[in-house]
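This report describes a protein model for a reader who is new to structural analysis. Please keep the sequence and the structure in view while reading.

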Amino acid sequence: MDRVLAAVPAPEPAPEPGAVRPHGPLTSTPPASGPPPLRPRHRFAAWAAGLLLAGPAVVAGSRLLDTDATTPVTQFLSLLPWLAVPAGLGLVLAAAARRRALSLAAVVVLGAVAWSSLPSTPRAAVPHGPPLARVRVIASNVEFGQGTEALAGLVRRERPQLVFVSECDRACQNTLTTAFADELPHYAAVEADGSVGSVVLSSFPLRDWREIPATMGMPGATADIAGVPVDLQLAHPMPPIPGQVPLWKRELGRVADVAARRTGPALVAGDFNASQDHAAFRDVLTAGHLSDAARSTGASRTPTWPAEGPLPPFVQIDHVLVSDDFGVRDVRFLDVAGSDHRAVLADLDLRGER
């Protein structure tokens, strides 16, 4: 009998009042690790943020690493300040997705875009020698000669002593040299049709005419300004369109080589097809110890292209570069009807040695 009773399980103790008796086996669930799973809307926001941040991150990184890279980075460097818009939107979406790591990355990208968009070219040095001559310069791309008449009107109104004209075909050159035979009797030109033709008009005597080998005309000469020889060079390299980035770099490199060989005061002006955010353009400044006149007046972000079409101008690719023999008094940007470029007008003072 005792053995039978031992085989019967002992009754469970009665639960205390208010206690809940468990049903079924007890199991323990391990604590969750890592970020909580994304809801569908959060997942979409995270993906959209990542896509918006990718482009600005690569372009700003290229700028900070001082390289133009290749297509499409080279082209998007022209849009660098505007990339703060998608970077900012990416930050908003990252925050909405509640992803801390992604939000931190977005802050870094937005900061990189803002930092790299600060003026990067040096201000022109302030010369302290006696003023020798006041020089007004206009640099204008007349788009296959279509803006010739409008440019002629600007020249009559503004009365510059030097005019650098890109994409000035034979008809354009004939119009300008005839109309200003008295005011600007001296010129150096590459006589050709379409975008290849270019001319430098001068009220000062010119000598040592030369040309940089390039796809489009880049004439140069030496001007006698107040008894001082000044190197003049028109710049117009090929644009960095897909498939032509290496050619663009080579032609800007030739401009840099010419600037590096200068031995006295110099002016390099024209359509550079490059902004201050392109390393190839900054190489020209460094090689020739030149400054962008627009930078000296705080206008280095004033856009000059495209001046016609559905989009407003968004990038400055037309420049007047000066050696430290010149003081910059003022820089203005002028519309040229018929052209997709705005003209750059710079008022300069040529100064002598102290």
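The model is predicted: local features need pLDDT of at least 70 and side-chain atom pairs count only at pLDDT 80 or more, whereas totals for chains, interfaces and linings use all residues. Residues are numbered from 1 along each chain as its sequence is written, and side-chain values use heavy atoms, with hydrogens and water left out.

**Overall fold**

The protein contains 10 helices and 12 strands; these are DSSP runs, with helices (H or I) of at least four residues and strands (E) of at least two, numbered from the N terminus. Of its 354 residues, 47% count as buried. Buried means under 20% relative accessible area, exposed means over 50%, and partly exposed lies in between, with a 1.4 Å probe and protein chains only. Among contacts (heavy atoms within 4.5 Å) between residues at least 6 apart in sequence, 67% join residues at least 24 apart.

**The disulfide**

A disulfide is a covalent bond between the sulfur atoms of two cysteines. A search of the whole structure finds one, by the criterion of a pair of cysteine sulfur atoms within 2.5 Å. This disulfide links Cys 168 and Cys 172, with an S to S distance of 2.0 Å. The torsion about the S-S bond of Cys 168 and Cys 172 is about -95°, so the disulfide is left-handed. Both Cys 168 and Cys 172 are buried.

**A helix residue**

Val 107 is located in helix α5, which spans residues 100–116. Val 107 has a relative accessible area of 46% and is therefore partly exposed.

**Two pockets**

On a 1 Å grid over the protein atoms alone, a pocket is an open set of points where a 1.4 Å probe fits, with protein on both sides within 12 Å along at least five of seven lines; lining residues have an atom within 4 Å of a point. A volume is the space filled by probe spheres set on the points.

| Pocket | Volume | Residues nearest the centre |
|---|---|---|
| Largest pocket | About 440 Å³ | Pro 239, Pro 240, Asn 273, Trp 305, Ile 317 |
| Second largest pocket | About 280 Å³ | Arg 210, Thr 222, Asp 231, Arg 261, Arg 262 |

In the second largest pocket, β7 (228–235) is among the elements that each supply at least two lining residues. The largest share of that lining, four residues, comes from β7.
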